[in-house]
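Hi everyone, thanks for coming.

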Amino acid sequence: MTTVAPRPAVTVETTATAMSAAAQAPAQAATPAALPSIHTRFLFTWLSVFTALTVAQLVIGPYVMGLPVLLRNLVVTGVVVPAVVYALVPTLLKVRAAALRRRS
């Protein structure tokens with residue numbers, strides 16, 4: 001004959017505590033890094049815009065040279081702004097975060 005140990009009683013409190021602990025675990029793991037200071041973001045944005053405008057003027061410049069100034073600026077900024085917003089600044093922020101992680 002085998003003896004079976006009694007199961008512990010499950011209460012609403014223990015279930016709620018377990019559920020809240022499980023809900024907090026992923027939230028803590030997915031905590032985003034703090035944003036850099038406004039001065040750092042300014043520097044990254046300025047570096048990105050300067051670089052993108054220089055490259056765009058070298059690459060696109062000869063093709064839009066005959067266009068009126070407003071249309072030329074529209075074309076150049078239509079290329080540069082998405083490149084800066086979606087590619088250059090996020091990449092610089094990721095590089096910065098990786099460098100800070102490596103330091104600590």
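Let me begin with a term: helices (H or I, at least four residues) and strands (E, at least two) are DSSP runs, numbered from the N terminus. With that in hand, the elements of the protein chain run α-α-α from the N terminus on, which comes to three helices and zero strands.

A word on where this comes from. This is a predicted model, where local features need pLDDT of at least 70 and side-chain atom pairs count only at pLDDT 80 or more, while totals for chains, interfaces and linings use all residues. Residues are numbered from 1 along each chain as its sequence is written, and side-chain values use heavy atoms, with hydrogens and water left out.

How much of the chain is buried? By buried I mean under 20% relative accessible area, with exposed over 50% and partly exposed in between (1.4 Å probe, protein chains only). Buried residues make up 12% of the 104 residues in the protein chain.

Now to the two helices I'd like you to follow. In α2, the buried residues are Phe44, Ser48, Ala52, Ala56, Ile60, Gly61 and Val64, and they pack against α3. In α3, they are Val76, Val80, Val84 and Val89, and these pack against α2, residues 38-64.

Both helices bend. A bend at a residue is the angle between axes fitted to the seven residues ending there and the seven starting there. Helix α2 bends by about 45° at Leu58, and a proline, Pro62, follows within four residues. Helix α3, residues 69-103, has a kink of about 50° centred on Val84.

So how do we describe the pair? Two packed helices are described by the angle between their axes and the distance between the axes. Axes here are lines fitted to C-alpha atoms, for helices over the stretch in contact, and angles run from 0 to 180 degrees between N-to-C directions. The axes of α2 and α3 come within 8 Å and cross at roughly 140°. That makes α2 oblique to α3, given that angles under 35 degrees count as roughly parallel, over 145 as roughly antiparallel, 65 to 115 as roughly perpendicular and the rest as oblique.

For contacts, the cut-off is heavy atoms within 4.5 Å. On the α2 side, the residues that meet α3 include Phe44, Val49, Leu53 and Ile60, and on the α3 side they include Val79, Leu88, Leu93 and Arg96. The residues of this contact divide into 16 nonpolar, four polar and two charged. In that count, Ala, Val, Leu, Ile, Met, Phe, Trp, Tyr, Cys and Pro are nonpolar, Asp, Glu, Lys and Arg are charged, and the others, Gly among them, are polar.

Ser48 sits in helix α2 and, at 3% relative accessibility, counts as buried. Leaving aside neighbours within four places in sequence, Ser48 is in contact with Val84, Leu88, Val89 and Leu92. Not counting residues up to four places away in sequence, Val64 touches Arg72 and Val75. Val64 and Val76 are 12 residues apart in sequence and 8.7 Å apart in space, C-alpha to C-alpha.

Is Arg72 buried or partly exposed? At 23% relative accessibility, Arg72 counts as partly exposed. Apart from neighbours within four places in sequence, Arg72 is in contact with Val64, Met65 and Leu67.
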